[in-house]
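I opened the notebook to look up a few things in this model. The entries below follow the order in which I checked them.

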Amino acid sequence: ADAERGSWSASERRADGRRQTRETKSVSMASTSMMMRCARSRQPLRIECAHKKGSGSTKNGRDSNSKRLGVKVYGGQHVTPGGIIVRQRGTKFYPGDNVGMGNDYTLYAKCEGVVAFEYKAKRNRQYVVVKELPETGDVTPTALAQAAASKGETLTRKQKNLIKYAELGRPGSRTYE
């Protein structure tokens, strides 16, 4: 009975025959009793079959499509009626002569011409203007290019191409030898 309570003599023999003092025996008894308590408190292993992974949510993972804003036709370039010049949010550019503005602040050409960006200092605003092309009547650009070539003027690349394709004829009417 005294051995169970831990009040034995200063040294005792262990199972392997070595002597053990009271202090070391009490430590080993405490550790074994702790292990016994932990073993008794454990419940049988339960396996739960989850059909979804129980992971937390992330705060990332979303992105919007690009809106493709900006200047579509730059200064000095040709634009046709209804052609979009600038797509913007708000009025970074204001409509000037021959330019209209849509509900989403898109600037578009009202007539055929050349785009120009003007800066008016009165209100510190930048305006987009379409300067109309000079009226040539019923003369086609090909006829104008041929007239310039006959006068001996220097031709632009566009005029050279117009003359070259006029000599070849329409694409469907060509005959190859």
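Is Gln-88 buried or exposed? I looked it up: Gln-88 is buried, at a relative accessible area of 5%. For the cut-offs, I took buried as under 20% relative accessible area, exposed as over 50%, and partly exposed as in between (1.4 Å probe, protein chains only).

**Ground rules.** I am working on a predicted model, where local features need pLDDT of at least 70, side-chain atom pairs count only at pLDDT 80 or more, and totals for chains, interfaces and linings use all residues. Residues are numbered from 1 along each chain as its sequence is written, and side-chain values use heavy atoms, with hydrogens and water left out.

**Overview.** I counted four helices and 10 strands in the protein. Helices (H or I, at least four residues) and strands (E, at least two) are DSSP runs, numbered from the N terminus. From that end the order reads α-β-β-α-β-β-β-β-β-β-β-β-α-α. Of the 177 residues, 15% count as buried. The protein exposes about 15,000 Å², and carbon and sulfur atoms supply 51% of that area. Those areas come from the Shrake-Rupley method with a 1.4 Å probe; for residues, only the protein chains shown count as cover. I also checked contacts, meaning heavy atoms within 4.5 Å. Among contacts with a separation of 6 or more, 34% join residues 24 or more positions apart.

**Gln-88.** I found Gln-88 in the loop between β5 (84-87) and β6. I then looked for its polar contacts. These are pairs of N or O atoms within 3.5 Å; within protein, one must be able to donate a hydrogen and the other to accept it, and residues adjacent in sequence count only if both atoms are side-chain atoms. The Gln-88 side chain reaches the backbone nitrogen of Lys-92 at 3.2 Å. A polar atom of that side chain also lies 3.0 Å from the backbone nitrogen of Phe-93. Setting aside residues up to four places away in sequence, Gln-88 touches Leu-69, Phe-93, Asp-104, Tyr-105 and Leu-107.

**The sheet.** Next I traced β5 into its sheet. It is an open sheet of four strands, in the order β3-β5-β8-β7, with antiparallel pairing. Two strands pair if DSSP finds at least two bridges between them. β3 and β7 (99-101) stand at the edges with a single partner strand each, so one side of each has no neighbour in the sheet. β3 (residues 70-71) pairs with β5 over two bridges. I noted Gly-70 with Arg-87 as its bridge partner in β5. Two bridges also join β5 to β8 (residues 107-109). There, Ile-84 has Tyr-108 as its bridge partner.

**Aromatic pairs.** I took rings of Phe, Tyr and Trp (its six-membered ring) as paired if their centres lie within 6.5 Å; planes under 30 degrees apart count as stacked, over 60 as edge-to-face and the rest as tilted. By this rule I get two aromatic pairs. Phe-93 and Phe-117 are edge-to-face, at 5.5 Å centre to centre and 65° between the planes. Phe-93 lies in β6 (residues 93-95) and Phe-117 in β9 (residues 113-120), so the pair ties together parts that are 24 residues apart in sequence. Phe-93 is buried at 10% relative accessible area, whereas Phe-117 is partly exposed at 26%. Tyr-94 and Tyr-127 are tilted, at 5.9 Å centre to centre and 40° between the planes. Tyr-94 sits in β6 and Tyr-127 in β10 (residues 125-132), 33 residues apart. Tyr-127 is buried, at 15% relative accessibility.

**Charges over rings.** I counted a charge as over a ring if NZ of Lys or CZ of Arg is within 6 Å of the ring centre and within 35 degrees of the ring normal. Lys-120 has its charged end over the ring of Tyr-127, 4.8 Å from the centre. Arg-125 lies over the face of Tyr-94, at 4.1 Å from the ring centre.

**Gly-76.** Last, I checked the loop between β3 and β4 (78-79), where Gly-76 is found. Gly-76 is exposed, at 56% relative accessibility. Beyond its neighbours within four places in sequence, Gly-76 is in contact with Val-114 and Val-115. From Gly-76 to Val-130 I read 9.5 Å, C-alpha to C-alpha, across 54 residues in sequence.
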